[in-house]
Number of protein chains: 2
Amino acid sequence: MSEPGFAPRPTLEAVAARAGVSRATASRVVNGSEGVRAPLVERVRRAVDELGYVPNQAARTLVTRRNDAIAVVVAEPETRFFTDPFFAQQVRGISRELTAHDNQLVLLLTEGTADYQRVGRYLAGGHVDGALIFSLHAEDELPALARRAGVPTVIGGRPGWSDDRTLYVDCDNRGGARDAVRYLLGLGRRQVAHIAGPLDQTASVDRLDGFRDVLPDADPRLIVEGDFTPEGGARAMTALLERVPDLDAVFVASDVMASGALRVLRTVGRRVPEDVAVVGFDDMVSVAEWTDPPLTTVHQDIEEMGRLMAGLLLRTLEPPAQGGAEPVRAASIVTPTRLVVRASA
Amino acid sequence: MSEPGFAPRPTLEAVAARAGVSRATASRVVNGSEGVRAPLVERVRRAVDELGYVPNQAARTLVTRRNDAIAVVVAEPETRFFTDPFFAQQVRGISRELTAHDNQLVLLLTEGTADYQRVGRYLAGGHVDGALIFSLHAEDELPALARRAGVPTVIGGRPGWSDDRTLYVDCDNRGGARDAVRYLLGLGRRQVAHIAGPLDQTASVDRLDGFRDVLPDADPRLIVEGDFTPEGGARAMTALLERVPDLDAVFVASDVMASGALRVLRTVGRRVPEDVAVVGFDDMVSVAEWTDPPLTTVHQDIEEMGRLMAGLLLRTLEPPAQGGAEPVRAASIVTPTRLVVRASA
DNA sequence: CGCCCGCGTGAGAGCGCTCTCCGCATCCTT
DNA sequence: AAGGATGCGGAGAGCGCTCTCACGCGGGCG
């Protein structure tokens with residue numbers, strides 16, 4: 001370390017010179033391609049170590065047209081990204097998968113439409129090889145943006161339109177909801193209510209559909225739309241109690257809303273689960289386990305979903321398979337859910 | 001859009017040709033440098049629009065040695081990153097500031113020492129112009145790693161060593177703690193306890209120091225070390241009640257721990273704030289407002305801290321100031337805190 | 001024993017951009 | 001009106017890397 005910030009990083013040229021080979025051969029060794037004889041490989045390796053050579057990614061990208069980087073785009077109409085650890089867990093899964101494949105994660109947070117243009121430009125600019133998009137609302141145009149930019153994309157959560165070219169990863173919202181409602185019925189509950197999420201998001205719709213699968217004839221007054229916040233959950237619970245005072249169970253479309261609902265139930269003196277059984281959805285570690293009482297909820301493996309998203313994207317990015325093998329058509333993934341029984345139901 | 005994915009992105013060359021100027025002039029216009037006459041500027045602009053030209057970042061980086069990207073490195077010994085929205089908020093602040101300066105955010109999550117090597121290589125590889133590091137523990141070697149890689153760095157939170165070349169951004173943990181304790185004393189409380197964070201983190205130490213500033217002679221039994229989790233807060237509260245049954249106030253070093261403490265107090269039948277007043281630290285939106293009762297806590301502007309970190313880093317990256325102005329020595333920043341009174345004290 | 005094939009290596013041409021010259025036109029000065 | 005100062009625009013040299021292509025050497029075959 002002579003002068004901080006002034007160490008001129010060694011180039012491939014330097015490595016080649018030191019190893020006494022051509023730049024081409026040095027490149028071959030660095031990139032691990034076949035057909036270089038062992039002694040040469042060894043010499044280049046040593047030169048790399050001695051010089052502390054690290055390839056210049058910009059130069060490499062310039063010629064290969066590969067960035068080994070993917071963008072994670074988070075639309076943030078509401079501030080959900082920052083109030084629950086949902087995305088954080090998903091991002092961790094993504095990060096793990098990308099790291100395992102030597103890819104970098106470029107995080108793009110958007111706020112408002114002005115940012116959409118920015119993101120569009122960025123994606124079109126070929127800075128990344130693909131994009132993982134989280135757009136919570138059905139009508140979000142981020143995915144369209146990515147397609148226009150010609151960037152391979154995988155979406156987090158089922159998108160609002162039907163189109164089997166669009167890849168996504170989602171959990172089995174509908175099935176999970178069915179399990180939750182069936183469980184409540186199995187407990188002998190007769191008046192099962194549902195606090196839904198915002199119905200412009202497919203996750204909310206799917207969970208509601210699951211509820212209806214099991215209770216097709218439920219009194220419409222038993223269903224209230226919330227907004228995935230504790231406040232929203234509280235408001236919805238209040239409304240439900242007013243409309244159907246004798247309800248004895250609630251399936252809430254998210255743990256966060258459930259926490260608000262529990263608070264209301266406690267305030268009005270209904271015991272959980274004795275008077276009203278409550279089941280949530282998500283199994284957010286820091287929420288479900290720490291409500292009072294701890295929440296029975298539908299578990300989804302969020303981190304795994306992140307990993308799957310990244311994996312799926314990476315696979316679509318791979319060259320069309322040189323071997324004789326038929327190029328396996330990448331397909332969207334729906335992960336299973338699982339009911340976790342704690343104390344609230 | 002002829003064939004998807006096959007649209008050859010236009011180059012500067014193409015823009016120049018269409019505008020009838022040289023590549024150099026086109027470059028000047030694109031980069032907004034002075035000394036190009038209006039009509040030419042206009043022609044180039046139009047060519048850019050018509051062709052949908054977006055500069056190739058790799059090519060640009062190759063010559064300028066600037067990436068316009070900074071890394072956000074999150075050490076994750078514990079899983080705190082994923083259980084509280086702390087980092088998410090900070091990241092949002094960072095993102096905002098970077099976006100405003102046309103920089104990208106590359107997220108590097110680490111788990112274990114193997115990842116440290118990876119991060120070291122990445123930083124040394126010159127992929128990014130600077131790094132923002134969150135290392136929670138005093139002895140973390142991530143900052144040293146970054147320095148060795150010759151990458152300008154700003155640290156989130158006061159680092160464990162004294163060294164004024166190391167830039168950091170932190171909130172006034174000590175002052176905030178003092179305010180909290182003074183407030184409790186002002187309420188007439190006589191037995192004020194403290195649930196500290198893990199004492200290998202400076203934030204915890206500073207908050208404890210603040211507590212001691214006001215209560216230098218506090219009974220040592222009134223101080224218990226927690227771990228920034230709800231469970232840890234609960235355990236600490238239980239221990240405190242056992243050791244000092246007549247305590248009438250607790251200053252908890254984090255809202256998340258305070259939520260655990262509140263739960264214990266409720267369980268054992270102590271009323272909050274009547275019997276025991278509780279003050280937290282952080283003012284995490286989704287925690288402090290939704291505990292029962294809502295938490296009186298020390299507010300810190302987390303997002304602002306993120307923004308400041310990014311701003312500080314960007315400033316150190318700027319060329320040494322061409323104007324006659326003395327290059328202002330960038331300095332660490334300590335942001336103020338503010339007590340937010342809700343219902344728990 | 002000579003020819004050809006093939007493997008291993010080197011030479012060199014760019015990838016798309018920035019930026020330093022350098023030439024030329026324009027305008028001001030005396 | 002001539003010389004110089006000034007400013008605008010173009011030519012061209014790389015930045016560090018990958019990859020194609022051509023070349024040389026050795027071995028198997030005829």
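What should the 16 residues of helix 14 (residues 302-317) of chain A span, at 1.5 Å a residue? I kept in mind that this is a predicted model. The expected span takes 1.5 Å times one less than the number of residues, so helix 14 of chain A should span 22 Å. I then looked up its end C-alpha atoms, and they are 23 Å apart, which agrees.

Next I looked at burial in this helix. In helix 14 of chain A, the buried residues include A:Ile302, A:Glu303, A:Met305 and A:Gly306. Further along helix 14, A:Leu312, A:Leu313, A:Leu314 and A:Leu317 are among the buried residues too.

Then I turned to the interface. I found 50 residues from chain B and 49 residues from chain A in the contact. Together the chains bury about 4,300 Å² between them, and 59% of that is on carbon and sulfur atoms.

I also checked the charged pairs. There are 4 salt bridges across the interface of chain B and chain A. I looked up A:Arg96 with B:Glu111, a salt bridge whose closest N and O atoms are 2.4 Å apart. For polar contacts, I noted 10 residue pairs between chain B and chain A, both residues at pLDDT 80 or more.

Which helix of chain B gives the most to the side that touches chain A? Helix 6 of chain B does, with 7 residues. Last, I sorted the residues on that side of chain B: 22 are nonpolar, 15 polar and 13 charged.

Terms used. Residues numbered from 1 in each chain as written. Chains lettered and ligands numbered in written order. Predicted model: local features only at pLDDT ≥ 70, side-chain atom pairs only at ≥ 80, totals over all residues. Heavy atoms only, no water. Helix = DSSP H or I, 4+ residues; strand = E, 2+ residues; numbered from the N terminus. Buried < 20%, exposed > 50% of the residue type's maximum accessible area, 1.4 Å probe, protein only. Contact = heavy atoms within 4.5 Å. Buried area = accessible area lost by both parts, 1.4 Å probe. Salt bridge = Lys/Arg side-chain N within 4 Å of Asp/Glu carboxyl O. Polar contact = N/O pair within 3.5 Å; in protein donor to acceptor, adjacent residues only side chain to side chain. Nonpolar A, V, L, I, M, F, W, Y, C, P; charged D, E, K, R; others polar.
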